Amino acid sequence: QLCYAAWNCADPGVMFSGTINEWHTCPVNGPIRSSNPCSEFFFLDDSACNLASINLKKFFDEEKGELKTKEFMHAARLLTIVLEISVLMAQFPSKAIAEVTYKTRSLGLGYANIGSLLMLLGKPYDSSDGRALAAGITSLLTGVAYQTSAEMAEKFGAFQDYGQNKDSMLKVIRNHKRAADSAEDSEYEDLTILPKKFEAEKCQADIVEESRKAWEIALKKGEEFGFRNAQVSLLAPTGTIGLLMDCDTTGLEPDFALVKFKKLAGGGYFKIVNHSIPSALKKLGYSQEH
């Protein structure tokens with residue numbers, strides 16, 4: 001009933017508080033009690049983060065049939081810096097939210113349109129290949145963002161509350177690195193529920209390689225300089241911004257219809273067609289006539 005209700009109203013369902021708090025980078029500041037309404041951001045009470053999403057389709061090399069890894073990494077690095085600047089420039093709805101955000105400097109870098117990327121690759125969304133690619137891309141994005149955050153800490157100092165949370169945050173980074181490395185269960189620290197093992201062999205090879213390098217550098221630099229940001233990444237639904245970004249699918253979701261009708265606030269509808277369909281069908285071996 002809970003799962004059905006969450007699906008039916010498109011709101012968050014059950015929050016697994018134990019697991020969420022075991023991956024919490026700032027437990028000394030207090031527990032994570034809840035998420036935001038869209039359920040992508042889990043952090044302290046009165047916290048906020050500014051979001052940015054990368055359209056994965058823009059980084060797809062159709063000739064090679066793979067993600068342009070180096071270009072994607074450059075975008076992740078650049079947007080981490082942009083979001084760090086935005087912490088100083090943002091306007092918040094209350095003094096408390098402004099203060100917590102300023103002390104922790106949490107960021108919300110993510111991506112959208114993985115549904116279309118998988119269609120272009122001819123991979124089923126609900127498959128181990130699809131999950132492995134999503135895991136690899138998410139790991140790469142987050143690893144590069146934390147690496148960039150540690151490099152900014154080297155120049156400008158760690159976030160204000162890093163010192164009191166240092167041990168917990170480094171433990172979380174070590175656990176992330178282990179997940180990227182497809183570590184054995186016994187290697188994780190203080191986790192009740194272990195993450196599903198990353199099937200690296202089913203992911204694009206250079207994504208795996210670069211992801212593992214990024215986490216290694218992030219941990220090494222983090223141990224020395226700390227991090228500029230308590231959190232760096234999340235995966236937002238990207239409903240409205242996805243339209244403006246020319247995404248055929250939103251956030252981490254599959255496409256729920258190949259042709260969609262969107263109701264407009266001022267009356268009427270407009271029709272959205274998934275532009276990845278011709279390329280996806282070609283990849284699957286269909287002829288032009290089909």
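The model is a predicted one.

Helix 3 covers residues 69–89 and holds 21 residues. From its first C-alpha to its last, helix 3 reaches 30 Å. That is close to the 30 Å expected at 1.5 Å a residue. Its buried residues are T69, F72, M73, A75, A76, T80, L83, E84, S86 and V87. Several elements cover these buried residues. Among them are strand 1 (50–55), strand 3 (66–67) and strand 4 (107–112). Helix 4 (95–104), helix 6 (128–156) and helix 8 (205–225) are also included in this cover.

Helix 4 buries I97, T101 and T104. Seen down the axis of helix 4, these buried residues fall within an arc of 75°, so they line one face of the helix. The cover over them includes helix 3. R105 follows helix 4, and the phi of R105 is positive, near 55°.

The largest nonpolar core comes next. In soluble globular proteins, nonpolar side chains tend to be buried together. Here the largest nonpolar core has 55 residues. F72, L117 and I137 have the most contacts inside it. Strand 1, helix 3, strand 4, helix 5 (114–121), helix 6, helix 7 (162–180) and helix 8 each supply at least two residues of this core. Helix 6 gives the most, with 10 residues. F72 is also one of the buried residues of helix 3. Leaving aside neighbours within four places in sequence, F72 is in contact with I54, L56, F59, L67, I137, L140 and L141. One of these partners, I137, is itself among the residues with the most contacts in the core.

A search of the whole structure finds 7 aromatic pairs. One of them joins F41 and F43. Their ring centres are 6.1 Å apart and their planes meet at 55°, so the pair is tilted. Both F41 and F43 are buried. The rings of Y162 and F227 have their centres 6.3 Å apart, with planes at 75°, so this pair is edge-to-face. The pair of Y162 and F227 links distant parts of the chain, 65 residues apart. Y162 lies in helix 7, while F227 lies in the loop between helix 8 and helix 9 (239–244). Y162 and F227 are both buried.

The cysteines were checked for bonds. A disulfide is a covalent bond between the sulfur atoms of two cysteines. The count of disulfides in this model is 0. C3 is in no disulfide, and the nearest cysteine sulfur, that of C9, is 12 Å away. C247 is in no disulfide either; its nearest cysteine sulfur belongs to C38, 16 Å away. C3 is exposed, with a relative accessible area of 67%. C247 is buried, with a relative accessible area of 9%.

Some backbone angles stand apart. Most residues other than glycine have a negative phi. T238 is not a glycine, yet its phi is positive, about 55°. T238 sits in the loop between helix 8 and helix 9. At 4% relative accessibility, T238 counts as buried. D246 is another such case, with a positive phi near 65° in a residue other than glycine. D246 is found in the loop between helix 9 and strand 5 (259–263). At 47% relative accessibility, D246 counts as partly exposed.

E199 lies in the loop between helix 7 and helix 8. E199 is partly exposed, with a relative accessible area of 25%. The C-alpha atoms of E199 and L133 are separated by 9.0 Å. Along the chain, E199 and L133 are 66 residues apart. Leaving aside neighbours within four places in sequence, E199 is in contact with S128 and A132.

Key
Residues are numbered from 1 along each chain as its sequence is written. This is a predicted model: local features need pLDDT of at least 70, side-chain atom pairs count only at pLDDT 80 or more; totals for chains, interfaces and linings use all residues. Side-chain values use heavy atoms; hydrogens and water are left out. Helices (H or I, at least four residues) and strands (E, at least two) are DSSP runs, numbered from the N terminus. The expected span of a helix is 1.5 Å times one less than its number of residues. Buried means under 20% relative accessible area, exposed over 50%, partly exposed in between (1.4 Å probe, protein chains only). Contact means heavy atoms within 4.5 Å. A disulfide is a pair of cysteine sulfur atoms within 2.5 Å. The arc is that of the directions from the helix axis to the C-beta atoms. A nonpolar core is a set of buried Ala, Val, Leu, Ile, Met, Phe, Trp, Tyr and Cys residues joined through side-chain atoms within 4.5 Å. Rings of Phe, Tyr and Trp (its six-membered ring) pair if their centres lie within 6.5 Å; planes under 30 degrees apart count as stacked, over 60 as edge-to-face and the rest as tilted.
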